[in-house]
Amino acid sequence: MPTNQLSAIAATYGTPVYVYDANKIKTQYEKLVNGFSVLDTRIFYASKALTNLHVIKYINSLGCNIDCSSINEVKLALHAGVKPENVLYTSNGISFAEIEEAVEAGVHINIDSLSNLEKFGKKYGHSYPVGIRLRPNIMAGGNLKISTGHNKSKFGIPVEQIAELEQIVKDNNIFIRTLHIHTGSEIKDAEVFVKGIEVLFDLIPHFPELEVIDLGGGFKVPYMEHEKETNIAELAQKLKQAFADHPLANGKELQVWFEPGKFLVSECGYLLAEVNVLKQNADVIIAGINTGLNHLIRPMMYDAYHYISNLSNPNGEEKKHMITGYICETDTFASDRMLPEIKEGDILCIHNAGAYGFEMSSNYNSRYRPAEVLVKDGEAILIRRRESFEDLLKNIV
Ligand SMILES: *Cc1c(COP(=O)(O)O)cnc(C)c1O
């Protein structure tokens, strides 16, 4: 997005503010659609990455389905006007009551524990096709905290419990439509998905009514300059080949579902913040900005790298800076970062902030959550007001 447009948004709506570029979301979605055109695929946007209703509506308007991680995300998707048959609820560690609610809503469900599957079978028997989330025991992902498929992970039903799983399915005559795995986030290597599908191939014969293989999300986007995003076309070819090679899957015409979050909305997002104070340290300038881990926790929680630019002085002399937040915690966005010289009052732009940015924000230190702006067809629209003091008090009795 052009720098002057970002600066204008900061001037109009104040800082800190999240800005999302609808065009970028569309570009990413088209990469998925074109790349996966060689397979029978359905894409479900993992809305937990960024749940603003306007973003869900926009993504759905492109033709994309919606994946949810909680019953409230299901309600948000339905509230946004998404049809129940285009909503998927991939749960983990939830109470059975949420699964009942999801059934009432008529959305697709992936169940991730044997106990919930058994309750589901007792109540619904064969009447409601359902998916099961499996744990394939594959290690993948950018950071242990975002790896979900390894053999110590809490996510999914461990594949080694297949006998027990099969018994529950048989005893209750459950209609298993989908086998699901999600191995983690920031997976560049197509081989990880191929490995995943191979684990599933061994299980396919156990579920004769199977219609769908759901390979989850986790496609990588570049955060650093030298990094590459997951090559979707290459991945699609590899999966197509894996299907063709596998005698058990042959002729079954299984549909393949994906649940990308970050891939769709990471790069569309910018967090704009103003420099409150400068402190000169030995050989580094500390720039304190008017945001912190209350608004973007990825650098502190995952050691994530986010590219930062100085909108106010893009061509200034490069100096070594440390960019820190205003929260009473060590909330460092970047250390030893060469940036055009920063002055108090400058507007900094933190890039790649669309996914798990606003979404993981909090009111820590009794700060307000920032405003959100969507840029669509060249026009900037406010899609969430900045919080105010009343918001901090509204649930206090
Ligand atoms: C978080 C999550 C995703 C999306 O992961 P990304 O890394 O954002 O693509 C997809 N599926 C499930 C089940 C998830 O929990």
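Q: Why does glutamate 387 count as buried?
A: Buried means under 20% relative accessible area, exposed over 50%, and partly exposed in between (1.4 Å probe, protein chains only). Glutamate 387 has 16% relative accessibility, so the residue counts as buried.

Q: What kind of model do these values come from?
A: This is a predicted model, in which local features need pLDDT of at least 70, side-chain atom pairs count only at pLDDT 80 or more, and totals for chains, interfaces and linings use all residues. Residues are numbered from 1 along each chain as its sequence is written, and side-chain values use heavy atoms, with hydrogens and water left out.

Q: What makes the contact of arginine 369 and glutamate 387 a salt bridge?
A: A salt bridge is a side-chain nitrogen of Lys or Arg within 4 Å of a carboxyl oxygen of Asp or Glu. For arginine 369 and glutamate 387 the N to O distance is 3.0 Å. By this rule the structure has 15 salt bridges.

Q: Which parts does the pair of arginine 369 and glutamate 387 tie together?
A: Arginine 369 lies in the loop between β16 (347-350) and β17 (371-376), and glutamate 387 in the loop between β18 (379-384) and α12 (389-393), so the pair ties together parts that are 18 residues apart in sequence. Helices (H or I, at least four residues) and strands (E, at least two) are DSSP runs, numbered from the N terminus.

Q: Why is arginine 369 called partly exposed?
A: The relative accessible area of arginine 369 is 22%, so the residue is partly exposed.

Q: Is lysine 220 buried or exposed?
A: Lysine 220 has a relative accessible area of 9%, so this residue is buried. Its salt-bridge partner is glutamate 227, at 3.6 Å, N to O. Glutamate 227 is partly exposed, at 23%.

Q: Why is the pair of phenylalanine 201 and phenylalanine 243 called edge-to-face?
A: Rings of Phe, Tyr and Trp (its six-membered ring) pair if their centres lie within 6.5 Å; planes under 30 degrees apart count as stacked, over 60 as edge-to-face and the rest as tilted. The structure holds 12 aromatic pairs. In this one the centres are 5.5 Å apart and the planes are at 85°, so the pair is edge-to-face. Phenylalanine 201 lies in helix α8 (residues 190-203) and phenylalanine 243 in helix α9 (residues 232-245), so the pair ties together parts that are 42 residues apart in sequence. Phenylalanine 201 and phenylalanine 243 are both buried.

Q: What makes arginine 367 a charge over the ring of tyrosine 326?
A: A charge sits over a ring if NZ of Lys or CZ of Arg is within 6 Å of the ring centre and within 35 degrees of the ring normal. The charged end of arginine 367 sits over the ring of tyrosine 326, 4.1 Å from its centre.

Q: How do you know that β12 and β14 pair?
A: Two strands pair if DSSP finds at least two bridges between them. Strand β12 (residues 285-289) and strand β14 (residues 318-324) have four bridges, in the parallel sense.
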